[in-house]
Amino acid sequence: MDMLSLIIKFGIYGTMALALIAAIAVVTLRNLFHSALCLAAVLIATAMIYAAFHADFLAAAQILLYVGAVMTLIIFAIMLTEQLGSKTIRQTNRQNLAALAGLLVFVVILGRVIFKTPWPVTEKALASKVTVMELGKAFMGPYVFPFEVISIILIAALLGAVVIAKKDR
Amino acid sequence: MTNFPSKRKSSGIKQWDHVYTSSVQNAPSHHWLKIFGAGALKGMVVTLKNFVTSYFRKPDQGGIFTVQYPEERYPEIENYRNLPFLVYDGSPDKVRCVACGICERECPPKCIYITMETDVAGKPVRKPAVFDIDYAVCMNCGICEEVCPFDSIFMDHVFEIASPRRIDTGMIRHQEDLLKSSEYLQKIRPKTATMIDEKKRAAEEKKKAVVKPPQGPTV
Amino acid sequence: MIIPLAHILIFSLLLFATGLYGVLVRRNIIGILISIELMLNAANINLIAFSKSTSLSPETGQIFAIFVLAIAATTAAVGLAIVLALYRVRKTVYTDEVHLLKW
Amino acid sequence: MNMPPLLRDIEFAVDLSFVNAKGWILDLLSHIVPDWVVVFASIVISGVAILVLGPVIMMYLTLLERKLIGRIQNRYGPNRVGIWGLLQPIADGIKMFTKEDIVPVYADKVIHCLAPIVIVIPALMVFLVVPFGERMTAVNLNIGLLYFIAVSSITTIPIFMGSWGSRNKYSLLGGMRTAAQMISYEVPMTLSVVPVIMMSQSLSTNKIVLSQSGSYDMNWFIFTPWGIVGFIIFFLCAVAECNRPPFDLPEAESEIIAGFHTEYSGMKFALFYMAEYMNAFTLCGIAATLFLGGWQGPFLPSWIWFLGKTFVLICVMIWFRGTFPRFRVDQLMGFAWKFLLPLTLINILVAGLCHFISEKTGWIYSFIIFSISFWVLVRLNRPWMPEKRHYPLAN
């Protein structure tokens with residue numbers, strides 16, 4: 001089964017590379033619809049990485065929530081706001097070079113930090129596998145208060161979105 | 001469970017008011033069927049009944065009434081008229097047509113082309129030399145049949161004239177293709193043929209009665 | 001864990017940086033929202049990776065990731081509603097063209 | 001079940017014939033090649049089975065649909081190509097292959113061409129968790145049901161791609177309608193599944209089927225008060241999810257030509273069509289799994305039970321198509337948000353109630369609750385609900 005784990009390993013690295021390429025496409029493509037589709041690719045790749053880390057529920061929730069709902073919302077908004085023939089409009093502001101330089105510094109510093117830090121990786125955590133039932137019990141047990149708060153936030157956001165987007169009479 | 005009195009009872013045109021009220025009063029008594037969704041179920045029962053009966057019933061009792069065309073056909077209706085043809089009496093050289101050209105003139109899409117025959121001396125003979133009909137252009141109006149004073153052109157029952165070509169033996173029909181016997185006319189349109197024959201016989205008798213016969217056949 | 005923790009962290013760092021670049025550089029508000037989604041995803045990957053490899057209780061990371069997911073959904077909903085309202089009033093979705101505090 | 005041992009052996013052998021066949025092949029392979037190849041071979045065999053099954057199902061569903069609709073409308077369906085028209089799907093396929101592939105000039109060409117390919121992927125991926133029979137689930141995921149709902153929700157994106165990529169106003173309108181409809185109906189569909197998850201205490205499709213065994217394998221969830229309501233809601237949402245009549249607004253011919261696939265022809269159109277029919281099949285299969293006991297059933301082999309139940313549900317879908325006219329947009333949305341959604345929430349409540357009280361009282365209580373809630377919902381929804389019309393001159 002050594003070969004199998006090697007294949008899975010390469011699969012994960014390949015997924016990561018795909019996600020990064022798609023992410024770069026998301027921020028650089030001129031056509032917003034294309035970049036939204038690339039975002040969908042990033043999200044699906046991320047879900048696959050979650051699945052590789054045995055976070056099955058999260059992977060499915062990611063696809064259901066992000067790809068199914070949020071992406072649809074975003075594409076809907078793009079369709080409602082984008083003029084079809086807007087090829088000449090500048091899509092980036094003038095700070096792109098400065099932003100690139102700053103981000104390079106940011107990435108280099110954080111990368112060094114990541115490689116220098118001795119992460120407390122434990123065998124117990126590596127072997128752990130969270131089932132959906134445990135997750136549900138955690139939600140209904142220690143995390144019940146944030147869970148309820150989240151539900152209130154969701155309802156507030158739902159109503160707020162409806163009120164904001166509604167046409168004035 | 002619940003019964004929904006129609007809101008339309010009070011609305012609508014004034015003169016129908018009594019009708020609306022009476023229809024509500026005369027509504028069937030099984031009110032329990034009036035729950036939401038009962039109408040949908042009723043519709044589904046109708047289609048299910050249609051589905052089942054399509055296997056057992058005869059066409060006139062709600063079964064399938066499709067006629068499977070190349071194998072089965074509807075019986076031909078006498079008054080059906082499609083494309084024109086020429087009639088001859090007895091043999092193909094005794095054409096009724098005298099090449100008068102009325103149909104050529106009257107044809108709305110101008111699909112008929114006629115030239116008159118000439119004899120050896122160059123004198124015109126009352127017979128078509130060329131009689132072409134372009135079936136691709138013909139619009140099946142039947143005006144040629146109506147205007148023909150010699151009862152020589154009639155609308156046919158043939159409709160399977162599909163062809164891969166337009167000219168030659170495709171859609172342009174020449175005289176030899178168009179000629180059909182008067183027996184054929186009798187077969188496809190017995191009423192018309194009989195009427196014409198009687199008319200002809202009457203004309204013959206009139207001709208006998210008159211001492212000096214007129215030059216052409218009369219109408 | 002099949003691959004080392006640091007690699008995943010670097011991956012999520014790069015993803016986050018890409019998203020941040022998009023937020024800084026894009027003019028279109030919807031583009032900015034899309035980039036924010038990228039950043040949230042990077043954060044989520046970190047949460048999952050940590051919960052899978054460090055000694056905290058294993059479900060914590062996932063639960064927080066789910067919270068982030070829910071918050072991301074609300075962000076998208078409210079943000080896009082604001083964008084639509086803005087578009088209806090100002091007929092633009094470009095940030096530098098919206099420079100009035102009140103309209 | 002008490003059966004003579006020989007009969008049971010035979011049933012067992014027939015039941016697991018496909019599983020055993022796969023097992024033999026893998027067994028044979030394991031002598032020749034290393035282990036990881038065997039794992040891949042297992043994946044490949046299941047995958048090939050699904051890849052073959054999907055298109056075949058789609059082809060013959062089209063024939064079935066045309067036949068049944070024909071009979072409902074007092075016609076014969078297709079009956080020219082082969083006996084009973086059985087070769088009609090193949091003729092259609094040849095026609096689709098040989099048709100000209102049209103790409104509009106101003107289309108976003110990459111997206112336009114990618115959309116039909118992408119739409120087939122989720123349609124095939126959901127086959128992975130459909131339990132076709134005992135031990136005949138391709139991948140026994142422990143989140144199978146969630147996986148199904150998640151993957152089938154991806155379908156909106158290729159539809160958007162097709163509608164946007166075509167640069168056609170009717171396509172765009174169809175895409176917008178699809179998005180609105182699919183998002184709306186996903187909510188009551190997911191919620192109508194919740195009682196099933198509560199009762200079987202699992203998200204795995206296999207475990208859900210197994211929890212419906214007992215008493216001649218007929219202990220199906222549809223025979224419970226929450227099960228029947230949940231089934232009806234789930235089925236209606238399934239019809240709406242795969243854009244079939246009476247919820248076919250995304251491709252309403254009389255309004256927006258063909259919706260999001262207006263500009264597609266030939267094989268690309270066939271792929272859209274294929275995805276639609278495979279979705280219809282999997283949704284019916286999942287409905288059978290969740291509420292009708294999946295492959296559970298007395299006497300017959302498990303996969304026959306599963307396919308039979310799915311077939312019946314598909315026939316009901318076709319029957320709907322032959323019966324109902326199309327919804328209006330406001331009716332469609334109102335039906336999902338104002339009628340089905342509250343009803344599903346009440347259904348979850350009833351399921352919890354039924355879990356804690358005896359069966360008989362459960363039926364009585366749930367009947368009362370459902371009657372009241374139904375009455376209230378119908379009353380509240382008056383403005384958009386179709387009213388019974390009176391035709392004064394009809395009599």
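Okay, domains of chain B: the domain assignment, which is automatic or from a database, gives domain 1 (38–71) and domain 2 (84–206). The C-alpha centres of domain 1 of chain B and domain 2 of chain B are 45 Å apart.

Quick housekeeping. This is a predicted model, where local features need pLDDT of at least 70, side-chain atom pairs count only at pLDDT 80 or more, and totals for chains, interfaces and linings use all residues. Residues are numbered from 1 along each chain as its sequence is written, and chains are lettered from A and ligands numbered from 1 in the order in which they are written.

Now, a sheet in chain B. Strands here are DSSP E runs of at least two residues, helices are H or I runs of at least four, and both are numbered from the N terminus. Two strands pair if DSSP finds at least two bridges between them. The sheet is open, with three strands in the order E4-E1-E6 (chain B) and mixed pairing. At the edges, pairing on one side only, sit E4 (153–155) and E6 (179–181) of chain B. Strand E1 (residues 84–88) of chain B runs parallel to E6(B), joined by three bridges. And B:Tyr88 stands opposite B:Ser181 in E6(B).

So who touches whom between chains D and A? Contact means C-beta atoms, placed from the backbone, within 7 Å. By that rule, 24 residues of chain D are in contact with 21 residues of chain A. On the chain D side, helices H3 (35–72), H6 (144–153), H7 (156–165) and H8 (169–200) each supply at least two residues. H6(D) gives the most, with six residues.

Technical notes. Contact = placed C-beta atoms within 7 Å.
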